Amino acid sequence: MPTTPLGEFDFIRRHLALPQPPDPDLLLGIGDDAAIIRPRTGFDLCFSSDMLLANRHFFPTDPPEAIAHKILATNISDIAAMGGQPRWVLLSAALPELNEAWLQAFSGSLFATLRQYGITLIGGDTTRGNLAFNVAITGELPAGKALRRSGAQHGDDIWVSGQIGLAAAALHHIWGNITLPEHLFAQCEAARLRPTPRVALGQALLPLATAAQDISDGLAQDLGHILAASRVGAEIHAHAVPTLPELRQALPEHIVHELTLAGGDDYELLFTAPPENRRQIQAAAQTAQTPVHRIGKINHSGSLKILNAQGNEIHLPHAGFDHFAQS
């Protein structure tokens, strides 16, 4: 007996309009022209949106479970960088076809990630087209307490979470620019496919950090955004940027610098804080089960200087990713 083709509304009903945990602040969710949220007293709402395109932000051949995780994780990371709690998402998807097995794997991972971070899917849109997703996310945080890019002060330490450069290393291996041992590529590919947004750490930093953002387009470039917004400069040490020791052993130093300083796709937190908060930051990081490392200092120079282990200045070919400057 022939299988009935899956239609748009069947797709929504079977794979997106699924039961979710009760949300007392959501008055109306999926199924109407718009969702309705009632903000809680004493909290600010923060909003972010990212468009993710096949062959630009992920490969169409990536596992659907990984694609679903990544399109959420990259947006959750934006809320984490503000110190917020992610609460609601709108998901819009362009799909070339409705493949039942692909959609089942995708939606299973999507809702698992939503449950993991306490987020409710409240609506969106679907259409036929080249594979692409847009996620609009809303988070909340205590009123007036958001971490911004504009608060860095002279003398602040510069910190970064996790390990940097792994996703970029996986991409360059796939593109044939570098060759990694199989076991090392597997570790880097896992970081590319399933980044970990640092929500708990971001919230713990609210009373401790002066400025923050997540690393999406390259550490040097993203730090430059903080410096510009705060009207300060900085000096960082390339050898202090945390990455897999095996990467440093497997690749020439200048390649490691490009991966860790300009690679991007890390979704780790980059933040500044006064030196007197070091012990509290380490304690907060331990509670959040997220390693953090100091990599430099904020100064009055108005520019970014990057030093190698010998104290010599490094000049990168480019500071990070630009969608309109690079193919």
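**Exercise 1. Find out which strands pair with strand 10, and in what sense.**

Step 1. Strand 7 (residues 157-161) runs antiparallel to strand 10, and the two pair over four bridges. Two strands count as paired if DSSP finds at least two bridges between them. Strands here are DSSP runs (E, at least two residues) and helices are runs of H or I with at least four, both numbered from the N terminus.

A quick word on what you're looking at: this is a predicted model, where local features need pLDDT of at least 70 and side-chain atom pairs count only at pLDDT 80 or more, while totals for chains, interfaces and linings use all residues. Residues are numbered from 1 along each chain as its sequence is written, and side-chain values use heavy atoms, with hydrogens and water left out.

**Exercise 2. Decide whether strand 10 is enclosed or open, and see how its side chains point.**

Step 1. Five of the five residues of strand 10 (residues 269-273) are buried, so the strand is largely enclosed by the rest of the structure. Buried means under 20% relative accessible area, exposed means over 50%, and partly exposed is in between (1.4 Å probe, protein chains only).

Step 2. Sort them by direction: Leu269, Phe271 and Ala273 point one way, and Leu270 and Thr272 point the other way.

**Exercise 3. Describe helix 3 from end to end.**

Step 1. Start with length. Helix 3 (residues 100-116) has 17 residues and reaches 24 Å from its first C-alpha to its last, close to the 24 Å expected at 1.5 Å a residue. The expected span is 1.5 Å times one less than the number of residues.

Step 2. Look at the ends. Asn99 caps the N-terminal end, with a side-chain oxygen 3.1 Å from the backbone nitrogen of Ala101. Just after the helix, Gly118 takes a positive phi of about 65°.

Step 3. List what's hidden: the buried residues are Leu103, Phe106, Ser107, Ser109, Leu110, Phe111, Thr113 and Leu114. Here's a handy rule for reading such a list: an α-helix has 3.6 residues a turn, so residues three or four places apart point the same way.

**Exercise 4. Work out what builds the largest nonpolar core.**

Step 1. A nonpolar core is a set of buried Ala, Val, Leu, Ile, Met, Phe, Trp, Tyr and Cys residues joined through side-chain atoms within 4.5 Å. The largest one has 29 residues, and Ile71, Val89, Leu91, Phe106, Leu110, Leu114 and Phe133 touch the most other members.

Step 2. The elements giving two or more residues to this core are strand 3 (43-53), helix 2 (64-81), strand 4 (85-95), helix 3 and strand 6 (132-142). Helix 2 supplies the largest share, seven residues.

Step 3. Zoom in on Phe133. Not counting residues up to four places away in sequence, Phe133 touches residues including Phe58, Ile67, Ile71, Leu91, Trp102 and Phe106. Contact means heavy atoms within 4.5 Å.

**Exercise 5. Check where the annotated binding-site residues sit.**

Step 1. An unreviewed UniProt entry carries the annotation "binding site" for Asp33, Ser48 and Asp78. They span 46 residues in sequence and the farthest two C-alpha atoms are 26.4 Å apart, so they do not all gather at one spot. UniProt positions are in the numbering used here, feature names are shortened, and annotations may be inferred rather than shown by experiment.

Step 2. Ser48 is found in strand 3 and is buried, with a relative accessible area of 19%. Asp78 is in helix 2 and is buried too, with a relative accessible area of 18%.

Step 3. Connect them: the side chains of Ser48 and Asp78 make a polar contact (3.0 Å). That term means a pair of N or O atoms within 3.5 Å; within protein, one must be able to donate a hydrogen and the other to accept it, and residues adjacent in sequence count only if both atoms are side-chain atoms.

Step 4. Finish with the other neighbours, leaving out residues up to four places away in sequence. Ser48 also touches Asn75, Val135, Ala136 and Ile137, while Asp78 also touches Asp50 and Asp214.
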